Amino acid sequence: MNKDIEKIADLSSDEAVCNLLENIEDEQSTVFTRSKSLKPCPIGSSVSGVCCKNCGMGPCRVRENTEGLCGATLGTISARNLARHIAAGASAHSDHGRDMAHLLALTAEGKAEGLKIKDELKLFRFAKNLGVNTGDKSVNEIAKEAAEKAMALFGQQTGALDLIKLAPKKRQEIWEKYKVVPRGIDREVVEMMHRTHMGVDQDPENILNQAIRTALSDGWGGSMVGTEITDILFNTPVPLAAKANLGMLQASEVNIVIHGHEPTLSEIIAELADDKELVDYAKAKGANGINVVGICCTANEVLMRQGIAPIGNFLSQEMAIMTGAVELMVVDIQCIMQSLGELTKRYHTKLVTSSPKCKIPGAIHMEFQEVNGVTLAKEIIKVAIDNYTNRKHKVCIPDVKSDMVAGFSHEYIRYMLGGRFRESFRPLNDGIIDGRIQGIVAVVGCNNARITHDKYHNFLVKELIKKDYLVVQTGCGALATAKCGIMTPEAMEYAGEGLRSICEAVGIPPVLHLGSCVDNSRILTIASEIVREGGLGDDISDLPAAGIAPEWMSEKALSIGTYFAASGVYVAFGGQPIPVESSEEVKNIITNGWQQKFGGQLEYISDIDQLLDKVINVIQEKRKALKIDIKKERVLMDMEARRAL
Ligand code: BF8
């Protein structure tokens, strides 16, 4: 690693990460060093043509005006590749959602060790949305039936997914008109894979219509199921204070990092960190206690419900190990770097895999099987405690941490805006209509080692709140903002006057933490509720709102971007190109084509200033269309004016 400080600042905007990169041994391989030595393949990244690997005659490298052995064109291959990425992303979210449904069923039967229904009200609403007749059934009977209905969404062969009924009516009609209403989640993914097999669907627009149906089955299906059931089992989040970044590792405690996406085992591990027997055991080994912290979206889940500190996002995972202070990292699924296996061998850290779907060479496998949650969590914590005395590197924890407020569910936002007896989105809609809030922007998604870690997230969030845009965040984007210290009510000092006045009146930060990546479904729900509240059009596409994934890297991000575009939202991707960059035909379909049909689009803009300008322009155009583009002065009412009213 080159110790040139300026070069390190090019790698990450996170002070704690820079601090560690300055201090690591020269030969240490990290995602940052590998990003310098391994350049992206220009064909694979779709900037100079595309690569088709879908049959044994290839791989075929195809550019404009050339074709593959079978005659496949640049447009067809680009559409097929994007569609397969979307199918993979939708599968990842939805398989997670399916596991939550299984867990709900086992909990209802009393077979999930240590788990019970925590939010009964949410269970009732979820069950009703799935058509369960709650009658005078017991909570567990309703939970069992709701879980069975939720599992049936995956294999449903015909008819629309139940949860799309939560979208505004006009939106549902648009999906019907263009024949993209999602059926069963598994069905859409399988059909996507079939259509992109050699020699099947060759029309880019038709391929991408199925990609839309697949993505919608994720956003309004698998992800929504995941979010709803997680709230039912572990509680619907309410705002809580926490601290973020690597400085939350404790030099004198047993440090356990939970990493991945599934909240199940992690929630139990976090709850057991205070268990007297385990704490005494840790003390007997010379530690002051047990410190559970998180990385990536598992971190977001336990942060929102238990206040567990997120110590980093995607590009921080190796850094956590390199502090020399982590006794054990337990990973479940998704966004887990394979490099952790080798890296943990250099340190004393034990790497534990807990899902049958994710084994990593070099890791110990301790499998979570729903029925063994508490027993397994205790075993894992004991392995960590036993490892405390094995520390072999000098502990180097950067003294960097930030305050944050996390955990805004759409239920809490309604309550917060209207109070217990009048809960509603009315004050938010009014704030948007009178121009104090110019619009809502979701700044979400990943980190990407091809660009400076967190830099675009931090830039956009600061600029947007300054210009009176309310920002909502999930995933690694949310953690980037938390780490840079602007996910607190105090950050309203950076906000524009209008946004600040709303934040002060309601008592919210200008940047709302909504959770993990599956929780992007919360944004769909919020958007639908804002439409239902009235005054801002009759569809999601009318809202002055947009989405940005400025540092995207995961296939899940492509699925999310697509289901937002198909739900009527303008979505901008930054950093790395969407993998259709070399095909003007496909770029035109996902921008202008989707705009005409769905009122939303998916666009890559490489320059971050231009991206910000475009998002603001799109939102201002929506304000114009709604005739709310002229900012109203705030009028202080005197007695006479009140009487006149
Ligand atoms: O699901 S934001 S890097 S951790 S994919 Fe992964 Fe991207 Fe982070 Fe969460 Ni989402």
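User: How much area is buried between domain 1 and domain 2?
Analyst: In this predicted model, domain 1 and domain 2 bury about 1,400 Å² between them. Carbon and sulfur atoms give 55% of that area.

User: Where do the domains sit in the chain?
Analyst: The domain assignment places domain 1 at 58-234, domain 2 at 246-390 and domain 3 at 410-629.

User: And how many residues does each side bring to the contact between domain 1 and domain 2?
Analyst: Domain 1 brings 17 residues and domain 2 brings 19 residues. The C-alpha centres of these two domains lie 30 Å apart.

User: What about charges: how many salt bridges are there between domain 1 and domain 2?
Analyst: The count is 4 salt bridges. Elsewhere in the list of contacts, 9 residue pairs are in polar contact across the interface of domain 1 and domain 2.

User: Which elements give two or more residues to the side of domain 1 that touches domain 2?
Analyst: These are α4 (74-108) and α9 (204-234). The largest share, 8 residues, comes from α4.

User: What classes of residue make up that side of domain 1?
Analyst: The side of domain 1 that touches domain 2 has 7 nonpolar, 4 polar and 6 charged residues.

User: Last one: how do the side chains of K118 and E271 meet?
Analyst: The side chains of K118 and E271 form a salt bridge, with a distance of 3.1 Å from N to O.

Notes
Residues numbered from 1 in each chain as written. Predicted model: local features only at pLDDT ≥ 70, side-chain atom pairs only at ≥ 80, totals over all residues. Heavy atoms only, no water. Domains from an automatic or database assignment. Contact = heavy atoms within 4.5 Å. Buried area = accessible area lost by both parts, 1.4 Å probe. Polar contact = N/O pair within 3.5 Å; in protein donor to acceptor, adjacent residues only side chain to side chain. Helix = DSSP H or I, 4+ residues; strand = E, 2+ residues; numbered from the N terminus. Nonpolar A, V, L, I, M, F, W, Y, C, P; charged D, E, K, R; others polar.
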